[in-house]
Number of protein chains: 2
Amino acid sequence: MAKPEQTIFYNIEESIKSYRQFAQKNINDEGYDITIDQGLILNIIQENPGISQKEISRRAFKDHASITRIIELLVKRDFLKRDFNSEDRRRFDLSLTEFGKDTLTKIEPIVDLNRKNAIEGVSVEEMELLKNILQKITANCRTKG
Amino acid sequence: MAKPEQTIFYNIEESIKSYRQFAQKNINDEGYDITIDQGLILNIIQENPGISQKEISRRAFKDHASITRIIELLVKRDFLKRDFNSEDRRRFDLSLTEFGKDTLTKIEPIVDLNRKNAIEGVSVEEMELLKNILQKITANCRTKG
DNA sequence: CAAATATAATTGATATATCACTTATATGCA
DNA sequence: TGCATATAAGTGATATATCAATTATATTTG
C-alpha cells in the first residue's frame, strides 16, 4: 500500500481538520459555547425557513441520525425551537430562539473571518481549480460506490 | 455569513466524506470487518516498527486520545499485540498479530484501488496543484491559530 | 541526589459519524 | 377505500474527535 502520508487524501484530511480546529478555537476564544457544526445547522435553518431535517442533513452533508442529535442539543441549549408541523405530522417546524438568533448574529462575522483567513494567499483561479478537482473526486466516489 | 455550500470547505468536507464512505464500503463488501482508520493505524505500525503512540497520532493526524482507543480496539480484536517497552516504561511496543498482518495484506490492494479510482481523471499536474493549495490552507490555519 | 519539569499514555466528558432498524405518518395505486 | 409503499424522524450500537485532567515514568537542573 502506498504510504498514507503521500496520498492526496491525507492532505485533504489535514486541511479540513486544521480548518475546523482553527475555526472552533476562534469561536471559543470569543467566549461562545457552540460548535461549528451547531452553528452551521443554525445557519441553515435560519436561511431556509420551514426546512426539513432530511433536507438539512443533505445540505450539511451529515447523516440524518447526526442531525437528529445535533438538533436535540440545540433545543436543549435553547438555541432552537421545535414545533410540530400542522400539515405533515412526521415533520417539525424548526426556528431559532432569540438567543439562537443573537448568538448566530454574533458568530457570523467570526466565521466569515475564519474562512477568509484560511484561504489567504489562494487566488480566485486556484480556488476554482481546487473546487473542480474536489468535485471530480466526489463524483468518482459516488458513481463508483 | 456566506452560504456554507458556496465555500471551499464544503467541497473539501464533501470529497473526503465521499471518499471515506466509498473506501469503507469496498472493504466491507469484500468481507472485512475493519474500519479504514483501523487499517490506517495498522499500516503505520507495520511500516514503522517501534513507533510510539504519540508519533502515530502525529502521522495519522489524529488526537492521541483517539489513538489510545483505536489501539485498544485493535488489540481487543486481535489485530495488534501490545507489550511494555523495556527501555521506557511509559511506552508500549506495538506489533501486528499474524491475523493483523494477514488482514492488512489482504486489504492493501483494495485500499490502493480505492485511491486510484477516486482520483481517476485527475491529472498529475492537477494533483500537485491540489496538494499545494491544501497545504497553503493548512499552513494558514496553523500559523494563524 | 531531590525537586521541578517534561513526556507518554490513559481517562472522563461531550460531540459527531455511520449503519441498521424501528416508528409514525403520508401517499399512491389496485 | 384499503393496502402497499414511501418518507420523516428517532433509536441503539459502535467508532471516532476533542479537550482537559490525571497517572506514571523520565529527564533536567539546582
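Arg58(B) counts as exposed, because its relative accessibility is 51% (buried means under 20% relative accessible area, exposed over 50%, and partly exposed in between, with a 1.4 Å probe and protein chains only). The structure is a predicted model, in which local features need pLDDT of at least 70 and side-chain atom pairs count only at pLDDT 80 or more, while totals for chains, interfaces and linings use all residues; side-chain values use heavy atoms, with hydrogens and water left out. Residues are numbered from 1 along each chain as its sequence is written, and chains are lettered from A and ligands numbered from 1 in the order in which they are written.

The side chain of Arg58(B) is joined to that of Glu55(B) by a salt bridge with an N to O distance of 2.9 Å (a salt bridge is a side-chain nitrogen of Lys or Arg within 4 Å of a carboxyl oxygen of Asp or Glu). Both residues belong to helix H3 (residues 53–59) of chain B, where a separation of 3 residues places Arg58(B) and Glu55(B) about one turn of the helix apart (helices are DSSP runs of H or I with at least four residues, numbered from the N terminus). Glu55(B) has a relative accessible area of 23% and is therefore partly exposed.

Glu55(B) also forms a salt bridge with Arg59(B), at 3.2 Å from N to O. This pair likewise lies within helix H3 of chain B, with 4 residues, or about one turn of the helix, between Glu55(B) and Arg59(B). Arg59(B) is partly exposed, because its relative accessible area is 24%.

Elsewhere in chain B, a salt bridge links Arg90(B) to Asp88(B), with 3.0 Å between the closest N and O atoms. Arg90(B) is exposed at 72% relative accessibility, whereas Asp88(B), with a relative accessible area of 21%, is partly exposed. Side chains of opposite charge can pair when their charged atoms come close. A network of salt bridges connects Glu13(A) with Arg20(B), Asp37(B) and Lys62(B). Over all chains, the structure holds 24 salt bridges.

In chain A, Gln46(A) is located in helix H2 (residues 36–47). A relative accessible area of 31% makes Gln46(A) partly exposed. When residues up to four places away in sequence are not counted, Gln46(A) touches Leu96(A), Lys101(A), Leu104(A) and Glu108(A) (contact means heavy atoms within 4.5 Å). Between Gln46(A) and Lys62(A), the separation is 16 residues in sequence and 18 Å in space, C-alpha to C-alpha.

Notes. Helices (H or I, at least four residues) and strands (E, at least two) are DSSP runs, numbered from the N terminus.
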